[in-house]
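This report describes the nonpolar packing, strand pairing and aromatic contacts of one protein model.

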Amino acid sequence: TTVELACGLVNILNADFEDGALNSAIVPSWTFINFGDNPDSSKIGNRAAPITAQSGSQFLNAGRSGYWYQQITASAEEGHSYNFSVYAQYYASSYPRGSIYLTTSAPSFPTTPVSSSFNVPAGKGKWNVWNTSLTVDSSLAGQPLYLVLETNRDRVASELAFDLVQGSECGPATTTTTTTTTTTTSTTSTTTSTTTSTTTTSTSTTSTTTTSTTSTTSTTSTTT
């Protein structure tokens, strides 16, 4: 029995943040909403320093408190699984927090995730991989899905960097059962034995010798 998943890559636009001008807060294909008390710095958007991009030459400075999002499907299919990952790390000196998750509407503060979400401190000095996944049930089928990159530590030096977003969509598992039939062929060999009987006829010849005895009778006549 073989279980197969029909999986394909999700088309994420500007997934490595190479599109758009360097040092610009306008990031093509991504929408930004700031929800913090402290306005994000002018450094949000496409950057190439002070850290090194995970992919290409640019990454996203996501700021300290906001949503970066894009729609990934207009109609989620029941039984399908959506899986996403993103690289994250510090951009500034104080540790940031953030999440990656899916939601069914364009985010507004606060938003409600429908997939796993983690407020995980990003690593400092290296890229960390964050993941989220969702299997669509009947309550979510037919609804749009939005991928959200969130920063949520509202402190001046707590800016978070993201790079190289990747995603896949897998259909329901297909089970294939292969039955192997072994056919045994029995061959019966019949041997016919022919017996030839030879009859020898012996002819016995009996020779009969006939002896003829001639008796001579002499007659004497007496004349008186």
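Leaving aside neighbours within four places in sequence, Trp30 is in contact (heavy atoms within 4.5 Å) with Ile12, Leu13, Asn14, Phe17, Trp68, Tyr69, Gln70, Leu147, Leu149 and Val165. The model is predicted, with local features needing pLDDT of at least 70, side-chain atom pairs counted only at pLDDT 80 or more, and totals for chains, interfaces and linings using all residues. Residues are numbered from 1 along each chain as its sequence is written, and side-chain values use heavy atoms, with hydrogens and water left out.

**Nonpolar cores**

Trp30 is also one of the residues that touch the most other members of the largest nonpolar core, together with Phe84, Leu149, Phe162 and Val165; this core has 28 residues. A nonpolar core here is a set of buried Ala, Val, Leu, Ile, Met, Phe, Trp, Tyr and Cys residues joined through side-chain atoms within 4.5 Å. Buried means under 20% relative accessible area, exposed over 50%, and partly exposed in between, with a 1.4 Å probe and protein chains only. At least two residues of the core come from each of β5 (59-63), β6 (65-73), β7 (81-90), β8 (98-103), β9 (128-135), β10 (145-152) and β11 (160-170). Strands are DSSP runs (E, at least two residues), numbered from the N terminus. The largest share, four residues, is supplied by β7. Apart from this core lies another of nine residues, including Ile51, Ala53, Ala92 and Leu164.

Nine of the 10 residues of β7 are buried.

| Strands | Sense | Bridges |
|---|---|---|
| β7 and β9 | antiparallel | eight bridges |
| β7 and β11 | antiparallel | nine bridges |

Within these pairings, Ser85 has Asn131 in β9 as its bridge partner, and Ala88 stands opposite Phe162 in β11.

Rings of Phe, Tyr and Trp (its six-membered ring) pair if their centres lie within 6.5 Å; planes under 30 degrees apart count as stacked, over 60 as edge-to-face and the rest as tilted. By this rule there are eight aromatic pairs. Phe59 and Tyr91 form a tilted pair, 6.0 Å centre to centre with 55° between the planes. Because Phe59 lies in strand β5 and Tyr91 in the loop between β7 and β8, the pair ties together parts that are 32 residues apart in sequence. Phe59 is buried at 0% relative accessible area, and Tyr91 counts as buried at 11% relative accessibility. Elsewhere, ring pairs link Phe35, Tyr67 and Phe109 into a cluster.

Technical notes
Two strands pair if DSSP finds at least two bridges between them.
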